[in-house]
Amino acid sequence: MLGEGIIKGMAETARNFLGSYVSEDRLTTVQYPEERLPQKEAARNFPFLLFDGKDPHIGLRCVACQICEKECPPQCIYIVKSKDKKPDYVGKPQFYPSVFDIDTSVCMSCQICVEVCPFEAIKMDTEYELSTSDRFGELLLNKDKLAKPNEYYQKIHPTEAAEVDERLAAEKAKAGAKAKAEAEAKAKAAALPKPTVPIPAAVPAGAK
């Protein structure tokens with residue numbers, strides 16, 4: 001029937017309008033900014049850096065491999081690799097970013113940086129209230145502004161964070177078991193008596 005879609009749409013609008021007086025589930029608007037709708041777990045806006053523990057400088061997962069910088073389509077990521085190394089989550093010495101900047105005024109929220117990161121170090125945030133009159137002071141985010149704890153990631157993306165934590169814990173346990181086995185093997189090798197090499201008897205001068 002001609003106009004059937006319009007009639008269905010108007011009926012749904014009327015159902016929500018009248019139902020909003022008796023059921024909060026029918027409310028389609030909130031009194032923003034006093035009220036805010038919770039963000040969906042799949043929501044994404046701009047990237048942030050993850051760190052474990054309490055200190056972002058010690059627990060930052062990024063090892064400055066610069067893959068995200070190379071793969072970023074709008075080239076909004078800038079990284080400078082450190083000259084020294086620090087242990088990562090499995091205790092292996094790794095480089096870290098001495099500089100890590102993201103220009104969110106250029107970022108297109110494509111999430112490619114997240115997909116190519118092999119260390120689960122960069123994730124997408126759900127924060128959207130970022131308007132400012134100071135583009136370079138507020139929208140150009142450095143390492144300190146980008147770093148957020150793993151607890152924050154667990155809060156905004158609980159399902160994904162649980163999978164990542166489980167995988168990293170398994171890798172850490174595997175690396176620990178390997179290091180323990182290597183240490184035990186070295187200890188056993190050191191405890192074994194060293195074989196003695198027999199000294200050949202001296203041959204008298206002129207003897208054949």
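How many salt bridges does the chain hold? The count comes to 9, and this tour stops at several of them. Keep in mind as you click around that you're looking at a predicted model.

**Start zoomed out**

Show the whole chain as a cartoon. Now turn the view around: along the principal axes, the C-alpha atoms fill a box of roughly 125 × 40 × 40 Å. The radius of gyration is 30 Å, whereas a compact globule of 208 residues would have one near 17 Å. If you colour by accessibility, buried residues make up 27% of the 208 in the chain.

**Select E4 and K8**

Go to helix α1, which covers residues 4-19, and show these two side chains. E4 and K8 form a salt bridge, 3.5 Å from N to O. Why is the spacing handy to picture? The two residues sit 4 apart in the helix, so about one helical turn separates them. As for cover, E4 is partly exposed at 36% relative accessibility, while K8 is exposed at 54%.

**Select E120 and K123**

Next, pick a pair with more cover. Are K123 and E120 buried or exposed? Both are buried. Their side chains make a salt bridge, with the closest N and O atoms 2.4 Å apart.

D125 is buried, with a relative accessible area of 6%.

While you're in this part of the tour, select E120, K123, E160 and R167 together. Salt bridges with shared partners join these four into one network.

**Finish on the surface**

Switch to a surface view and select K70, K81, K85, K92, K174 and K178. What do these lysines form on the surface? They gather in a patch of positive charge. Take K70 as your way in: you'll find K70 in helix α3, residues 67-71. K70 is exposed, with a relative accessible area of 62%.

Notes. Residues numbered from 1 in each chain as written. Predicted model: local features only at pLDDT ≥ 70, side-chain atom pairs only at ≥ 80, totals over all residues. Heavy atoms only, no water. Patch = residues over 30% accessible without salt bridge, like charges linked within 9 Å, V, L, I, M, F, W, Y side chains within 5 Å. Areas by Shrake-Rupley, 256 points an atom, 1.4 Å probe, with all protein chains shown as cover. Lys, Arg positive; Asp, Glu negative; His and termini not counted. Charge placed at Lys NZ, Arg CZ, Asp CG, Glu CD. Buried < 20%, exposed > 50% of the residue type's maximum accessible area, 1.4 Å probe, protein only. Rg over C-alpha atoms; globule rule 2.2 N^0.38 Å.
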